[in-house]
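Grab a pencil and work through these exercises with the model open beside you. Try each task before you read its solution.

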Amino acid sequence: MRKRWIGGVLAGVLLLGACGDPGPEDSSADAVPKAPSSTTRQRAAEQPRTPSRTPGTKKPAAPKAPKVLYLGDSLAMENQNVLGSLLRDQLGARYRSAPYSGTTLCDYLDGTGKDSLVPDKHKAAALVRAERPDVVVLQFWGNAWGYTPCMDGITYDKQREKYFDRYAADAKALVSQIDAAAGADGPRVVWVLQGPDPITPERVRRVNGIYEARSKASGGRVADAGGTVAPASDRYAWAEKLPCTAYEREHPAYCTESGRTALHRGDDYLHFCLAPTTAKSRPCPTRSPGIRRMASEITRVVAEAS
């Protein structure tokens with residue numbers, strides 16, 4: 001197992017900035033099945049019948065479909081099509097995504113200029129001004145190896161406390177810039193909690209703690225998408241495969257191995273796309289249970305936050 005993890009580390013370091021260009025397949029291959037889930041059907045069945053309106057009364061207004069902006073790194077890059085499908089199908093949401101592989105929070109801050117992997121037109125504040133979203137979803141693994149210039153060479157392995165201090169400061173600055181760009185009626189920010197890391201589990205725990213603290217301080221929300229790809233018995237224990245969920249058992253294409261489902265490829269402990277990762281970054285083009293698990297949890301929280 002140790003050899004396998006070491007190989008995974010090397011693969012993760014090489015692939016972190018490129019979340020998968022598995023080939024010329026149609027990128028809609030990981031689209032959500034059209035059949036409603038058992039949860040959806042159950043909720044629909046449990047809804048009370050709408051009584052007839054009294055003559056002269058106004059028909060209640062339909063719930064507003066939220067407008068959602070999704071930003072993040074390579075995990076968001078591979079998730080974006082599935083999340084968009086779920087948001088549209090379940091919430092009727094309007095949706096815009098602008099993830100960049102290999103990035104961290106500072107890449108989306110104004111003022112980072114040429115030291116950022118994100119162009120000015122796709123900075124968080126610029127997109128908030130242009131899109132006027134109701135919800136901004138932020139998903140970042142917590143770039144810890146110095147891939148992005150705006151981190152000024154601060155890495156987890158060499159400067160751990162400085163890394164966490166900088167990460168917390170960037171989280172605060174990012175929310176401040178989003179709020180300033182939105183004005184009085186700002187969006188609700190949803191922070192996506194990350195899944196287990198077999199190499200540095202404590203790093204992920206503390207990064208998630210930063211997201212939770214920032215959410216609490218600024219009136220945001222957290223979506224524990226990472227918890228959906230961890231064993232029920234241990235939130236921060238990494239697993240390549242887990243028992244199938246009820247949805248996955250109901251849809252056998254997602255229940256890949258006789259009651260268990262593959263979350264990661266054997267050569268990539270970090271990403272959840274089951275197609276081979278290549279240099280060109282793009283949305284995952286193949287059905288991947290881990291991606292759907294995370295996207296479902298994000299969708300659930302967006303519905304509550306809207």
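**Exercise 1.** Find where Phe-140 sits in the chain, and work out whether Phe-140 is buried or exposed.

*Solution.* Step one: look in the loop between E3 and helix H5 (160–182), and there you'll find Phe-140. (Helices, H or I with at least four residues, and strands, E with at least two, are DSSP runs numbered from the N terminus.) Step two: check the surface. Phe-140 has a relative accessible area of 0%, so it counts as buried. (Buried means under 20% relative accessible area, exposed over 50%, and partly exposed in between, with a 1.4 Å probe and protein chains only.) Step three: list the partners. Leaving aside neighbours within four places in sequence, Phe-140 is in contact with residues including Leu-71, Asp-73, Tyr-108, Tyr-167 and Tyr-211. (Contact means heavy atoms within 4.5 Å.) Step four: compare sequence with space. Phe-140 and Leu-193 are 53 residues apart along the chain, yet 8.3 Å apart from C-alpha to C-alpha.

Before you go on, a note on the source: this is a predicted model, where local features need pLDDT of at least 70 and side-chain atom pairs count only at pLDDT 80 or more, while totals for chains, interfaces and linings use all residues. Residues are numbered from 1 along each chain as its sequence is written, and side-chain values use heavy atoms, with hydrogens and water left out.

**Exercise 2.** Which residues of the largest nonpolar core touch the most other members?

*Solution.* First, know the term: a nonpolar core is a set of buried Ala, Val, Leu, Ile, Met, Phe, Trp, Tyr and Cys residues joined through side-chain atoms within 4.5 Å. This core has 37 residues, and Val-68, Val-137 and Ile-298 touch the most other members. Next, see who contributes: E1, H3, E3, strand E4 (188–192) and helix H8 (289–305) each give two or more residues. H8 gives the most, with 7 residues. Now zoom in on Val-68: leaving aside neighbours within four places in sequence, its contacts include Leu-87, Tyr-95, Val-137 and Val-302.

**Exercise 3.** Why does Ser-215 count as buried, and what is Ser-215 in contact with?

*Solution.* First, locate Ser-215: helix H6 (residues 201–218) holds it. Next, the reason: Ser-215 counts as buried because its relative accessibility is 5%. Finally, beyond its neighbours within four places in sequence, Ser-215 is in contact with Trp-191, Gly-220, Arg-221 and Val-222.
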